Amino acid sequence: MGSEQHESKSIANDLLWEEIRQGNKKALAAIFNKYFDSLYGYGYRIVANDQKVRDAIQEVFYQLWKYRERLTEVQSVRAYLFVSLRREILNEKSASVRREKRHEEYSLEEFQIHFKYDKWVEVLDIKKEKKGKVKEAIKGLTPRQREAIFLKYFEGLSTQEMTGVMQVRAQSIYNILSDAIKKLRNILNK
């Protein structure tokens, strides 16, 4: 691209940017259409998830429109959009990690607080002489395994129902339960 052509594109972007600042939705649409493919390609390299990238691009343009009156002049509209998209995707990734961590902590607390070990002995038909090891055995399970056992043996959910509740495939349910039972047996049989 020659410097003259680059300069005319930059001027066109500057004009569109100024029109966005003044509330022209057509200018916003023009910038969106002009850079969507480039932004999508860039975003997909950060997070390889079609929907997350599209959502992030939508959010960038939503914020751009929402705060248009506060926008200042920029040296490069394209660079501004790339930085904004990167920030949006990384913020969403961090929020997702925090949500997952809270969920794990909640599950851990929930399944430790609300289970009575005597009930486990009864539900899982554990011999009374091994009752003393139940607490240790349950603590050896992951929160996900405790949740699966609770849903299956305490609440009587079917595998199909459990896939909906736990948001995993049926094979994962079988694996989680199988691993949990194996782990319980290993600890109880020591």
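User: How many salt bridges does the structure hold?

Analyst: This is a predicted model. Among its salt bridges is the one in which the side chains of Glu18 and Arg21 meet. Another joins the side chains of Arg99 and Glu92 at 2.9 Å, N to O. The number of salt bridges in the structure is four.

User: How far apart along helix H1 are Glu18 and Arg21, in helical turns?

Analyst: The side chains of Glu18 and Arg21 meet in a salt bridge of 3.2 Å, N to O. Both residues lie in helix H1, three residues apart, so their separation is about one helical turn.

User: Is Glu147 buried or exposed?

Analyst: Glu147 forms a salt bridge with Arg144, at 3.5 Å from N to O. The cut-off for buried is under 20% relative accessible area. Glu147 has 11% relative accessibility, so Glu147 counts as buried.

User: What is the relative accessible area of Glu92?

Analyst: The side chain of Glu92 meets that of Arg99 in a salt bridge. Arg99 counts as partly exposed at 41% relative accessibility. Glu92 is partly exposed too, and its relative accessible area is 35%.

User: Which residues does Asn13 contact, leaving aside its neighbours within four places in sequence?

Analyst: Asn13 sits in helix H1, residues 3-21. Its relative accessibility is 8%, so Asn13 counts as buried. Its side chain makes a polar contact with the side chain of Lys34 at 2.7 Å, and another with the side chain of Tyr35 at 2.7 Å. With neighbours within four places in sequence left aside, the contacts of Asn13 are Ile31, Lys34, Tyr35 and Val77.

User: How far apart in space are Val83 and Val60?

Analyst: Val83 belongs to helix H4, residues 77-113. Val83 counts as partly exposed, at 46% relative accessibility. In sequence, Val83 and Val60 are 23 residues apart; in space, their C-alpha to C-alpha distance is 9.9 Å.

User: Where in the chain is confidence lowest?

Analyst: The mean pLDDT of the chain is 84, and 85% of the residues reach 70 or more. Confidence is highest in helix H3 (residues 50-66), with a mean of 96. At the other end, with a mean of 70, confidence is lowest in helix H5 (residues 117-123).

Terms used: Residues are numbered from 1 along each chain as its sequence is written. This is a predicted model: local features need pLDDT of at least 70, side-chain atom pairs count only at pLDDT 80 or more; totals for chains, interfaces and linings use all residues. Side-chain values use heavy atoms; hydrogens and water are left out. Helices (H or I, at least four residues) and strands (E, at least two) are DSSP runs, numbered from the N terminus. Buried means under 20% relative accessible area, exposed over 50%, partly exposed in between (1.4 Å probe, protein chains only). A polar contact is a pair of N or O atoms within 3.5 Å; within protein, one must be able to donate a hydrogen and the other to accept it, and residues adjacent in sequence count only if both atoms are side-chain atoms. Contact means heavy atoms within 4.5 Å. pLDDT is the predictor's confidence in each residue, from 0 to 100.
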